[in-house]
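Thanks for coming. I will go through two parts of one model, with the sequence and structure on the screen.

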Amino acid sequence: MALEAIRYRRGSLTVLNQLLLPEQLRYERVDGVGRAWEAIRAMEVRGAPAIALVGCLSLALELAAGAGPEGDVEALEAFVGERLRWLLTARPTAVNLSREAQRLCDAVRGWVQSPGVTPQGLRESIIEHIEGLLEKDREDNRRIGAHGARHILQRVPEGGVTLLTHCNTGTLATAGYGTALGIVRALHGQGRLTRVFCTETRPYNQGGRLTAFELLHDGVPATLIADSAAAAAMRDRGVQAVVVGADRVAANGDTANKIGTYQLAVAARHHGLPFYVAAPSSSCDPALPAGTHIPIEERPRRELTHLQDHCLAPPGIEVWNPAFDVTPHDLITGGIVTEWGVFAPAELRQALAERGAAGGQ
Ligand code: MRU
């Protein structure tokens with residue numbers, strides 16, 4: 001059975017509770033925006049694209065159930081804007097939800113202004129727009145996988161490739177297939193993946209709990225390592241490239257991703273390994289000139305001091321628990337892999353301007 005983070009059909013949304021993995025596979029019902037906000041904040045669902053999808057789908061669910069004003073298109077537009085603004089307060093770093101919210105609000109504006117629009121027609125258009133995001137995300141990920149695999153294989157013309165990845169960027173973080181893990185999957189599908197090392201990704205262990213689970217489930221050759229073993233794996237275990245995901249890529253290519261990404265990029269530079277960021281265009285934020293402007297979420301101290309209910313640190317210790325860090329663009333030596341192709345960080349701004357103007361296709 002294929003793993004799915006999100007199960008949706010009109011009128012029904014359930015998400016795999018990722019806090020319970022790998023011990024339990026339990027889907028939780030999301031009945032609207034309020035419950036989606038909680039699931040995102042608590043990280044039952046996580047990963048930048050999945051956060052955006054669950055947020056938007058929870059709004060579609062409310063609209064399909066008749067929530068919001070009925071007789072007036074402007075009032076419905078205001079309702080949608082207000083629900084989306086609330087969702088955006090759940091987690092600050094990943095930009096995907098905010099970009100999808102902006103696209104949706106722009107589309108709604110256009111529909112509201114078109115002649116003959118009815119409240120019911122507007123409601124239906126919004127729901128269909130949101131439902132289309134699931135397939136778009138899966139397609140984008142397949143393209144990312146293909147572009148990334150091709151780029152890596154240009155450097156390794158023969159034999160298998162050994163990669164290292166961080167956090168979870170796969171099916172569990174997206175509508176399916178994954179971004180950085182999409183590249184891993186594409187190489188595996190072509191018979192060119194020797195092995196992928198996945199870091200445990202402390203403190204929340206998305207690598208150990210989720211990536212290891214997902215790769216094992218799909219029969220991809222994988223080795224779990226402690227975060228602190230990454231540099232040694234690069235030197236002693238034949239790693240040929242590092243591929244990670246992104247929560248927000250600034251216009252200059254600086255990239256926020258799961259805490260620990262920056263130190264992997266530093267280690268990759270030391271070992272002369274190409275460092276790739278796999279990110280759909282919805283993870284890119286052309287409005288931000290550089291990574292210093294990216295808001296970095298800090299998570300509760302308990303997520304560092306405890307493993308589930310087991311205490312790992314003395315109660316009085318001061319804790320700093322950033323969920324993400326920013327990797328400067330000059331360390332992204334392989335490239336930024338989007339659904340459009342692979343770009344050097346210096347080319348990203350231009351690519352976003354050209355494709356953004358064309359509607360992102
Ligand atoms: O805190 P998380 O688990 O939401 O962090 C996830 C990551 O940092 C991922 O690398 C990123 O969202 C990309 S997922 C395709």
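Helices here are DSSP runs of H or I with at least four residues, strands are runs of E with at least two, and both are numbered from the N terminus. The model is predicted, so local features need pLDDT of at least 70 and side-chain atom pairs count only at pLDDT 80 or more, while totals for chains, interfaces and linings use all residues. Residues are numbered from 1 along each chain as its sequence is written, and side-chain values use heavy atoms, with hydrogens and water left out.

Start with alanine 48, which belongs to helix α2, residues 48-64. Its relative accessible area is 5%, so alanine 48 is buried (under 20%; exposed is over 50% and partly exposed lies in between, with a 1.4 Å probe and protein chains only). What does alanine 48 touch, leaving out residues up to four places away in sequence? The contacts (heavy atoms within 4.5 Å) are Ala94, Asn96, Ala173, Ala246 and Asp247. Leucine 97 is 49 residues from alanine 48 in sequence, yet their C-alpha atoms are 7.6 Å apart.

Now the strands. Two strands pair if DSSP finds at least two bridges between them. Strand β1, residues 6-9, pairs with β2 in the antiparallel sense over 4 bridges, and arginine 9 is opposite serine 12 in β2. Their hairpin has 2 residues between the strands, and glycine 11 there has a positive phi near 95°.

β2 also pairs with strand β3, residues 27-29, antiparallel over 3 bridges. In that pairing, threonine 14 faces arginine 29 in β3. Strand β2, residues 12-16, is largely enclosed by the rest of the structure because 4 of its 5 residues are buried.
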